Each structure stands twice: as structure tokens, then as C-alpha cells.
Amino acid sequence: MSERKSEQELDFAQKHEEDLQRIREFRLIDDDFMAAVFEDHACAEFLLQIILKRNDLVVREVHGQYNIKNLQGRSVRLDILAVDQDNRAYNIEVQRSDRGASEKRARYNSSLLDANLTESGSSYDALNETYVIFITENDVLRAGLPIYHIERTVQETGMVFDDRAHIIYVNSQIKDETALGKLMHDFFCTDSSKMYYPILANRVQYFKQDAKGVATMCRAMEKMRDETAHETSIKNALTMLEDGLPYEKVAKYAGLSIEEVKELDAKKPA
């Protein structure tokens, strides 16, 4: 018994040291760390003010790793969802891969905001003005620009089709001396002392060096591991259901309850 306990303690200690090392290497371009840093109202407000070049923008609420439902009722996780004092909604995503910031992904996120931020029965005029903002590791749109603003237009006249749905791509490759360039420099710093903006550096330092901040990140990482394991279990269960295995065996091999397996079976496409 004591030997088993010792093995568990060693495993925990190893995972904890691995977590601490990962935290030291985190950058704002890493989505989970970015979500933790920008859950702070002041940091989210500062980020949006620089990207949108607006000093008057005031964030009313902000949520990191925000779950929002698609039209099929399945949850989709947004890195950051913020709402300002004028009820404009902002979805901010950091994307390391080009595929994660495709044109259709931008359209999809925009549609999620429309579907979830409007009360049932409200008129179309009640739709929030929305911004989907991708901060990309690569120059996804490949024009060598630091920022791209996408708006619908009437092709025949060139006039803006004012549906109040905006899509913005920020190219983090450009780290010049502009306010946006300095912000992108800070997105790639692992050392808070090398960051330009104190408001971000202080928040990064909190999660990397303060005991409470480090503990918060460690708990978040443990939660991510649990969620990943659960997602794997669900994926395996769906495969076994497709193969016709009975509920009891699916539950046993996937590590789920029979009730969870039955629910998955009921929801899977016919």
C-alpha cells in the first residue's frame, strides 16, 4: 500500500514539475495562457483598444474559455468573449495554425455570436454589433500587412453593407515600433521583464511567479488534462457504438457511465 502511495506521489510530483516548466514557457500566443491573462477586464480592454485604435472602448464583462452552443446544441469553446458598455461583442482567438483561422472559421464564429447573444423573439435590430478577431502566428492572408479588416460590401457599388458584423485578422509576424507591433512582440515573450506594456507584464508575472497565480495555472492545466481525457473517452465510445457494441461494454472500455453512453447513442447522427 505504501509502495503504491509512493508511486502516486512521485507521479504527482513529476506532473507538477512538468506543469511548472510549461508555465515558465507560456506566451500570450498560447491560447490557454492568453485566455487566463485576458480574463482580466483591464487587460482585455487594453488589447481591444490597441487593435481597434479606440481609447473610448470600455469593457463591461469578459470571459475566458467561454462555452457557447452551435446550432446542433453542442458546446464550442471561444478563447475570449468580451462585451463593452455599448453592448458590442468581441470574440478574440489566438491561432497557431493557419487552418484554425480559415475564412469559414471566422464566418462560423460570427454566426455563433449572432445565435447566442440575441434573446429569443427579439427583432433583428437587437442583434449585437460583433467583432471576430483572430491573432495569428502566421500571416494567414499573405499580404504582408500587420492587420486586416474584413467587411461585407455591395460589389456593384463598393458601398459597405452595414450589417455590423466585423472580422479582423492580426498578423503577429510584424513586431515593429507601432503600438500594435509592440503588442505582438509581447505576445511572444516568455519573460515578463522583456515586455513593452506593464499592464500585460504584471499579469503575466502573476501567473508565472506569484504563488496564487501559479497555483491557478496548475489547476487549469489539470482541468485541461481531465477534459482531454473525457473527450477521448467520448470519441472512443462513439466508435464502439458505431461498431455495434452493447452499452455495458462501451461504458466499461470507455470509462463512462451507461447513462452517458445511452445519451451519446441518442445524439449521434442517424
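1. A residue counts as buried when its relative accessible area is under 20%, as exposed when that area is over 50%, and as partly exposed in between. On that basis, 39% of the 270 residues of the protein are buried. The model under discussion is a predicted one, and the remarks below should be read accordingly.

2. As to overall composition, the protein has nine helices and six strands. Among contacts with a sequence separation of 6 or more, 55% are between residues 24 or more positions apart.

3. The largest nonpolar core has 47 residues, of which Phe38, Ile51, Ile135, Leu183 and Phe187 touch the most other members. The element that gives the most to this core is helix H3, residues 41-52, with eight residues. Apart from this core there is a second, separate one of 14 residues, which includes Phe134, Tyr148, Ile167 and Tyr169.

4. When residues up to four places away in sequence are not counted, leucine 183 touches Leu47, Ile50, Ile51, Tyr197 and Leu200. One of these partners, Ile51, is itself listed with leucine 183 among the core residues that touch the most other members.

5. Helix H7 (residues 211-242) packs against helix H9 (residues 258-267) at an angle of about 65 degrees, and their axes are 10 Å apart. The crossing of H7 past H9 is right-handed. On the H7 side, the contact is made by His230, Ile234, Ala237, Leu238 and Leu241, while H9 supplies Glu260, Val261, Leu264 and Asp265. Sorted by class, the contact of H7 with H9 comprises six nonpolar residues, one polar residue and two charged residues.

6. Charged pairs form the next topic. Side chains of opposite charge can pair when their charged atoms come close. The structure holds eleven salt bridges, and three of them are taken up in the points that follow.

7. Which parts of the chain are tied together by arginine 96 and aspartate 30? The two side chains meet in a salt bridge, at 2.7 Å from N to O. Arginine 96 belongs to the loop between strand S3 (89-95) and helix H4 (103-116), and aspartate 30 to the loop between helix H1 (2-25) and helix H2 (31-37), so the pair links parts that are 66 residues apart in sequence.

8. With its neighbours within four places in sequence left aside, aspartate 30 is in contact with Glu25, Val94 and Arg96. Through salt bridges that share partners, Asp30 and Arg96 are also joined with Arg27 and Glu137 into one network.

9. A further salt bridge brings together the side chains of arginine 88 and aspartate 84, at 2.8 Å from N to O. Arginine 88 is buried, with a relative accessible area of 14%. Aspartate 84 is buried as well, its relative accessible area being 1%.

10. Is the pair of aspartate 98 and arginine 142 close together or far apart in sequence? Their closest N and O atoms are 3.5 Å apart, and the two form a salt bridge. Aspartate 98 is in the loop between S3 and H4, and arginine 142 is in the loop between strand S4 (130-136) and strand S5 (147-150); the pair therefore ties together parts 44 residues apart in sequence. Aspartate 98 counts as partly exposed, at 28% relative accessibility, and arginine 142 as exposed, at 65%.

11. Two points of backbone geometry should be noted. Asparagine 87, a residue other than glycine, has a positive phi near 70 degrees. Asparagine 87 is located in the loop between strand S2 (75-84) and S3, and it is partly exposed, with a relative accessible area of 36%.

12. Arginine 164 occupies the loop between S5 and strand S6 (165-171). At 42% relative accessibility, arginine 164 counts as partly exposed.

Key: Residues are numbered from 1 along each chain as its sequence is written. This is a predicted model: local features need pLDDT of at least 70, side-chain atom pairs count only at pLDDT 80 or more; totals for chains, interfaces and linings use all residues. Side-chain values use heavy atoms; hydrogens and water are left out. Axes are lines fitted to C-alpha atoms, for helices over the stretch in contact, and angles run from 0 to 180 degrees between N-to-C directions. Helices (H or I, at least four residues) and strands (E, at least two) are DSSP runs, numbered from the N terminus. A crossing is left-handed if the near helix is turned anticlockwise from the far one by less than a right angle, and right-handed if clockwise. Contact means heavy atoms within 4.5 Å. Ala, Val, Leu, Ile, Met, Phe, Trp, Tyr, Cys and Pro count as nonpolar, Asp, Glu, Lys and Arg as charged, and the others, Gly among them, as polar. A salt bridge is a side-chain nitrogen of Lys or Arg within 4 Å of a carboxyl oxygen of Asp or Glu. Buried means under 20% relative accessible area, exposed over 50%, partly exposed in between (1.4 Å probe, protein chains only). A nonpolar core is a set of buried Ala, Val, Leu, Ile, Met, Phe, Trp, Tyr and Cys residues joined through side-chain atoms within 4.5 Å.
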